[in-house]
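I opened this entry to look up a helix packing and some strand pairings. Notes are in the order I checked them.

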Amino acid sequence: MQSVIECKNLTHYYGNRCIYENLNFTVQKGRITGLLGKNGTGKTTTINIMNGYLKPRSGNCYLLGEPSHSLSPATKSKIGLLIEGHVQYSFFNIEQIEKFYSSFFPGWKREPYYELMSKLKIAPGQKISKMSCGQRSQVALGLILAQDPELLILDDFSMGLDPGYRKLFADYLREYAKEEKKSIFITSHIIQDLEHLVDDCLILDYGTVMLHKPTEEILNSFKRYRFKVNNNFTMPDNDQFYNTEVTKGMAETYSFLNKEEALNQIKTYNPEISEIQGNKLTLEEAFIGLTGKY
Amino acid sequence: MKQFKHINKVILVIMILGLSWLLPQIWHLITDKATRYPFTYFSSVNHTFCTLEYEKEEFIRKDAHGNTYTEEQWDSILPMFSFRQLATDGLLPDTLNGIALSVKDIRKTNYYFRYKPNELFSPSIPLYPLFESMSGRVDLEMPGDVFRVTKDGVEFINPKTNKINFTKSLKYSKSLLDKGFGGPAKWVAGSPTTRKSYDEGYFILDQNSRLFHFKRVNDKPFVKEIKIPENIDPIFMKTTEYGDKRFYGFVISSDSKLYVISCNKYKFINIPIRFDYKNDNIMLMANLFYWNMGITTDSGKVCYAINTNDFSLVDTLKYHKEPNKMAEASKYFLPFSLKFKSYKSNYIKPRFSAVPLKYMLVNLFFVILLVLLKPIRKQKPTPLAIIITLITGIYGLTTTLLLKL
Amino acid sequence: MKKAFFYKEWIKTRWFLLAILIGGILVEIYLFLKLGRSFRYAGHEHLWDVIVNRNQFMFHTLKYFPILAGLLIGVVQMIPEIVEKRLKLSLHLPLYESKSITLMVGYILIILISIFIISFITLILGAAIYFPLEIIKSIAITVLPWYLCGITAYLLVVFCCLEPLWRRRIINILISVCFLGTYFLSSVPGAYSKNILTMMIIPAISFLLIYLSVFRFKTGVQTN
């Protein structure tokens with residue numbers, strides 16, 4: 001399979017503070033990939049590097065085979081960007097902005113844009129700056145759809161949106177991506193929004209890629225286990241279990257192991273434990289399980 | 001975008017130039033002190049220079065031999081300077097050096113002339129009012145038009161209509177052309193003011209470096225060619241129109257010599273002083289017996305006493321400029337400077353000056369400072385930073401610190 | 001694409017450009033009314049006399065128009081780009097970044113220079129009614145640096161706005177103040193007549209500096 005994004009040995013510091021060293025990942029064509037990570041793990045840094053507005057200290061990030069900080073015009077036209085906050089030229093109205101962008105992209109499709117616009121209740125000639133956050137997000141989305149890029153990079157699309165608009169946005173996007181076989185790279189601080197949208201999850205932890213797996217796999221196999229323990233129980237270091245906590249005689253841990261494997265493993269630490277309770281998780285819960293609450 | 005990385009070097013140059021403009025200015029602002037030279041006047045009585053100095057809230061009056069004088073004594077040895085006081089006190093001698101004195105004569109021959117380089121180096125608008133020299137009235141009147149000098153003579157323009165008076169222009173042009181005038185003018189000298197006792201019109205140097213005296217007498221053109229002695233290349237002239245009517249004006253030549261054009265047959269007479277027309281100021285206080293000329297240069301002042309009658313040099317007195325310690329000190333850390341303004345010119349343009357190379361050794365100190373600053377700056381100075389500090393001293397150092405080179 | 005860029009900047013800045021044009025016209029109306037009054041008060045010959053022989057300049061008020069126009073249009077064009085982070089959009093358009101910036105800046109330059117030329121020609125034509133060629137030349141050479149200053153002011157606002165780092169932006173502002181200061185060093189009419197070339201080099205350098213800021217913006221400079 002062809003890769004649309006390829007980050008090789010990405011290393012970046014702010015002053016002396018290391019964000020990450022030798023970060024590597026690739027995103028395959030036709031996939032919707034969500035970038036997840038707690039604040040400060042370098043999500044924004046990664047997006048900035050990808051958008052070409054930050055040159056990493058070392059390493060490279062390739063978009064459609066070209067270094068992201070010096071994309072050729074042809075490649076730029078194949079990449080649609082949604083900048084955090086749905087930034088657009090707000091002095092335009094929806095017709096003016098469509099007219100503006102259309103001259104830059106040879107494959108411009110005005111229909112999907114106007115289709116999306118027709119759903120918004122806006123007066124003709126209304127400036128984008130006078131629109132609500134949700135309406136603006138639809139304009140930004142519509143423009144990206146009209147551009148018809150191969151690769152979409154969307155930074156925090158849910159920012160400032162009502163639940164309705166978030167759902168609208170996510171559904172529209174998924175339908176579009178699947179139909180047109182587009183590759184999408186997306187971040188959001190509301191993980192719930194990504195659950196039904198992304199094919200793959202790329203989770204950043206401080207300094208590294210913690211996990212890069214299909215969402216389905218995470219949802220199916222990553223579980224929370226609870227079991228009764230005495231108060232002095234501690235879980236030994238084990239990379240099969242994540243973020244184990246013991247409160248009031250109850251232990252809680254997360255693992256990709258199935259119930260049987262997990263029980264067997266735990267028994268080796270404490271033979272008294274005979275029963276564990278396993279739960280399926282939402283993506284948000286899985287994320288917390290993987291990265292911890294703090 | 002990569003190719004634009006090198007514009008960074010442009011910033012470096014700009015900052016160094018900017019600092020070499022600002023820092024010296026700030027230094028001057030803080031440390032500048034006026035240089036004062038004693039007032040100096042040549043005595044027509046003792047025939048020696050006399051000086052007046054203000055020291056410790058007291059006036060000290062001395063002559064060049066070191067004798068000191070009271071105010072009254074001072075007045076009496078400088079009758080040409082203090083004639084009003086002396087006349088009021090009835091102390092003005094009847095004769096001096098065999099010449100009868102009267103307040104009227106003294107007034108007529110007492111005059112001043114100044115030259116500063118910025119009179120020559122100054123933008124001007126080449127339009128001139130041509131006064132009636134023989135109106136028969138005591139006061140001069142504005143002529144109601146101005147003239148410009150063209151290729152074919154002169155054109156008179158009426159300010160009311162902004163139109164050329166062709167008849168008048170033709171009449172005056174013809175007179176000029178008849179005398180061989182070849183316009184346009186290299187320069188035109190005259191005093192375009194009604195506040196003078198009489199009018200001598202203008203002196204015009206034409207394209208072939210021929211000098212013409214041009215005026216309006218009884219509403220008719222008066223044109224006279226003035227023969228310029230061979231080795232004189234006049235570049236500036238200032239007309240005088242002084243009461244004694246001895247000369248038409250002062251002429252400065254390209255080799256920095258000063259001449260007067262005598263009213264007697266337009267003779268060029270050299271005044272025996274040394275000066276540089278681009279840099280030095282001239283101040284003349286003339287009287288019946290002596291011309292007191294002061295030439296102020298960057299390094300001091302030279303006073304000349306010149307015989308009024310035959311322009312021979314009588315005496316000179318030199319004052320050296322006291323070295324300004326602050327200005328001297330600045331040479332060690334302000335290796336060069338950029339200025340746009342100069343009191344020697346009214347034109348704004350960049351002017352560079354640099355101190356002798358030996359002072360630049362101090363730049364080494366700045367390089368060491370830069371290296372010592374490493375722990376505070378948390379970075380090693382780059383070769384570029386060291387090079388620019390070595391060459392441009394404090395400017396390079398400041399730039400390095402500001403840009404974190 | 002060029003057209004589209006101009007279209008965008010036009011929609012964004014048209015009212016301000018119109019305001020500048022009207023401002024320029026009002027300044028000139030004021031200047032000529034004042035000139036008329038001076039003629040009535042002082043008389044034609046006397047006014048010519050003080051202009052020619054006493055360095056009197058009749059159009060000093062004009063000095064501030066170009067620089068204010070340049071600063072205003074620079075701020076109006078660039079501050080929203082930076083505050084709303086729209087510059088990222090413009091630089092992602094399928095053109096080389098340097099070309100995008102050249103088009104954005106070029107558009108304003110063309111219009112600003114056009115307004116300045118209109119203002120300049122009106123002034124000269126108006127003055128030509130009352131004054132001879134010599135005075136016109138002096139007026140032209142005196143006001144020309146002011147217009148160059150206006151162009152420089154615009155370019156320097158762009159230079160300062162596009163710089164990503166505040167620390168460096170302050171240095172840029174200081175550099176800009178120095179640059180603009182060089183246009184106001186003398187009130188003698190024609191003082192810059194021997195130096196028009198340098199005064200033209202300054203806007204040229206300022207234009208170059210814009211690309212440095214864009215380069216730094218693109219690289220996402222964070223430390224120096």
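The entries below cover chain B of a predicted model.

**Helix packing.** I looked up helix α1 (residues 7-31) of chain B against helix α11 (residues 394-403) of chain B. Their axes lie 9 Å apart and the packing angle is about 125°. I noted the crossing of α1(B) and α11(B) as right-handed. On the α1(B) side I listed Leu12(B), Met15(B), Ile16(B), Leu19(B), Ser20(B) and Leu23(B). The α11(B) side contributes Ile394(B), Tyr395(B), Gly396(B), Thr398(B), Thr399(B) and Leu402(B). By class, the contact of α1(B) with α11(B) has eight nonpolar residues, four polar and no charged.

**Open sheet.** I then traced a sheet of five strands in chain B. The sheet is open, its order is β7-β19-β20-β21-β22, and the pairing is antiparallel. I found β7 (111-115) and β22 (313-320) of chain B at the edges, each pairing on one side only. From one strand to the next the twist averages 15°. Within this sheet I checked β20 (residues 290-296) and β21 (residues 300-307) of chain B, which pair antiparallel over seven bridges. Gly294(B) has Cys303(B) of β21(B) as its bridge partner.

**Hairpin.** Last, I looked at β17 (residues 258-262) and β18 (residues 268-271) of chain B, antiparallel strands joined by four bridges. Leu258(B) is bridged to Ile271(B) in β18(B). Five residues lie between the strands of this hairpin, and I recorded a positive phi near 60° for Lys265(B).

Conventions
Residues numbered from 1 in each chain as written. Chains lettered and ligands numbered in written order. Predicted model: local features only at pLDDT ≥ 70, side-chain atom pairs only at ≥ 80, totals over all residues. Axes fitted to C-alpha atoms, helices over the stretch in contact; angles between N-to-C directions. Helix = DSSP H or I, 4+ residues; strand = E, 2+ residues; numbered from the N terminus. Left-handed = near helix turned anticlockwise from the far one by under 90°. Contact = placed C-beta atoms within 7 Å. Nonpolar A, V, L, I, M, F, W, Y, C, P; charged D, E, K, R; others polar. Pairing = 2+ DSSP bridges.
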